[in-house]
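Thanks for coming. I have one structure to go through today, so please look at the sequence and the coordinates first.

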Amino acid sequence: HSISRSRLQFNVNREDNMIIQAIAVVQQMDKDINTFFMRVKEMYGWHFPELISIVSDIVQYAKIVQIIGDRETFTEEKLPEIEEIVEDPNTALRILEASRMSMGSGLIDVDLQHILVSKMNSVSPNLTALVGEFVGAKLISHAGSLRNLCKAPASTVQILGAEKALFRALKNKSNTPKFGLLFSSGFLTKAKGRAKARMSRVLANKASVACRMDAFADNPTGAFGQALRLQVESRFQHFTSGLPLESYKKIMAANFTGEDQMLKEDDEDKISIKEEDETMKDDVTVETEVITVKTQETPEKPKKKKKRKSVEIDADVSMEVESSSKKKKRKMSETESVGVDVAPKEKKRKKKNQNDEAAVEKGEKSPKKKRKTSVAE
């Protein structure tokens, strides 16, 4: 038993953990290479779209892009270097011909970071003033668009980027996450303890307001975003150092630089609307005056009296009255005749009944009963 146990003991020299780590690194490198190649193909495809149809290998494509650079500066002097990469002179010549006949756009030496900053300031200036360019861009990309982000409530903006942790917490009935992509903001990194959760709620609330201003304003400016940032800073100082809170109205009145411009624009719009209404009223009054003058010039024709119809109506009414009176007379005559005929019969019946009652009282039998008895005999 001891011999078998010694044979089955764990061997330290068999390091399977190194195998796991190595294969994980290899898989991660393959994934990164594929993502970088897709980015290069997408960005350089706008400049030289015909190259991907000639060279399909990832490594060769990247090396050729590095050699060519701007296709307008690509000459025959660079052909030997491309032939070494492609290992075929015919494909190198095809690349040269395609670069001369290409329909792609030109290249501009601009940094991507600079493009991101300029685009964020033009598309959503209030969100960039509040949160920053990179955090705002992450929120927009995660939501899908600025319109989708502004439709989301503040509670959703607070947890954007932490969906897996949220569903895991709901499944395990544990504490839900308090922040997602907003954690990279400067307010949350500086906060400590319970102030992080509070600041995440405040920042998400103001971010949702800034997104709606950017999405639905005609000419959005960063003035609202700067005022909202000052509000968040005052709340941050209250949570961290215990300073008293400043009212939001005072902050907006003191630090909102775009208020005067907006008020002026509103006044101008109101004045223009009033002028348009006055011109419309003047046009309407002129038209009414013209119509009244025309009516005075052209007198109305007297209406013809419809005599025939009225005469016919009177004749019909008279005929109906006569017919109804005749019917009433007939009914009265019928009732009178019926009353004359019926009265003596009723008197005879009453007399007979009285005679019968008197005979019954005396104990005599009625003549009718005598007849019935005789018939029975």
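This is a predicted model: local features need pLDDT of at least 70, side-chain atom pairs count only at pLDDT 80 or more; totals for chains, interfaces and linings use all residues.

Residues are numbered from 1 along each chain as its sequence is written, and side-chain values use heavy atoms, with hydrogens and water left out.

The protein has 19 helices and 0 strands. Helices here are DSSP runs of H or I with at least four residues, strands are runs of E with at least two, and both are numbered from the N terminus. Of the 377 residues, 23% count as buried. Buried means under 20% relative accessible area, exposed means over 50%, and partly exposed is in between, with a 1.4 Å probe and protein chains only. Contact means heavy atoms within 4.5 Å. Among the contacts with a separation of 6 or more, 51% come from residues 24 or more positions apart.

Now the helix pair. Two packed helices are described by the angle between their axes and the distance between the axes. Helix 4, residues 58-68, and helix 5, residues 79-86, pack at an angle of about 175 degrees, and their axes are 10 Å apart. The axes are lines fitted to C-alpha atoms over the stretch in contact, and angles run from 0 to 180 degrees between N-to-C directions. Helix 4 and helix 5 are therefore roughly antiparallel to each other. The classes are under 35 degrees for roughly parallel, over 145 for roughly antiparallel, 65 to 115 for roughly perpendicular, and oblique for the rest.

Which residues meet between helix 4 and helix 5? From helix 4 they are Q60, K63, I64, I67 and I68, and from helix 5 they are E81, I82, I85 and V86. By class, this contact has 6 nonpolar, 1 polar and 2 charged residues. Nonpolar covers Ala, Val, Leu, Ile, Met, Phe, Trp, Tyr, Cys and Pro; charged covers Asp, Glu, Lys and Arg; the others, Gly among them, are polar.

Next, the cysteines. How many disulfides does the structure hold? The count is 0, where a disulfide is a pair of cysteine sulfur atoms within 2.5 Å. C150 is in no disulfide, and its nearest cysteine sulfur, that of C211, is 7.2 Å away. Seen from C211, the closest cysteine sulfur is the one in C150, and 7.2 Å is too far for a bond. C150 is buried at 4% relative accessible area, and C211 is buried at 1%.

Now two serines. S99 is found in helix 6 and is buried, with a relative accessible area of 4%. Leaving aside neighbours within four places in sequence, S99 is in contact with F48, R71 and F74. S102 sits in the loop between helix 6 (89-100) and helix 7 (112-123), and S102 is buried at 11%. With the neighbours within four places again left aside, S102 is in contact with H47, F48, P49, E50 and R71. A polar atom of the S102 side chain lies 3.3 Å from the backbone nitrogen of G104.

Last, two C-alpha distances. A195, in helix 14 (residues 194-216), counts as buried at 10% relative accessibility. G132 is in the loop between helix 8 (125-130) and helix 9 (133-143), and G132 is buried at 16%. From G132 to V117, 15 residues apart along the chain, the C-alpha separation is 9.2 Å.

Notes
A polar contact is a pair of N or O atoms within 3.5 Å; within protein, one must be able to donate a hydrogen and the other to accept it, and residues adjacent in sequence count only if both atoms are side-chain atoms.
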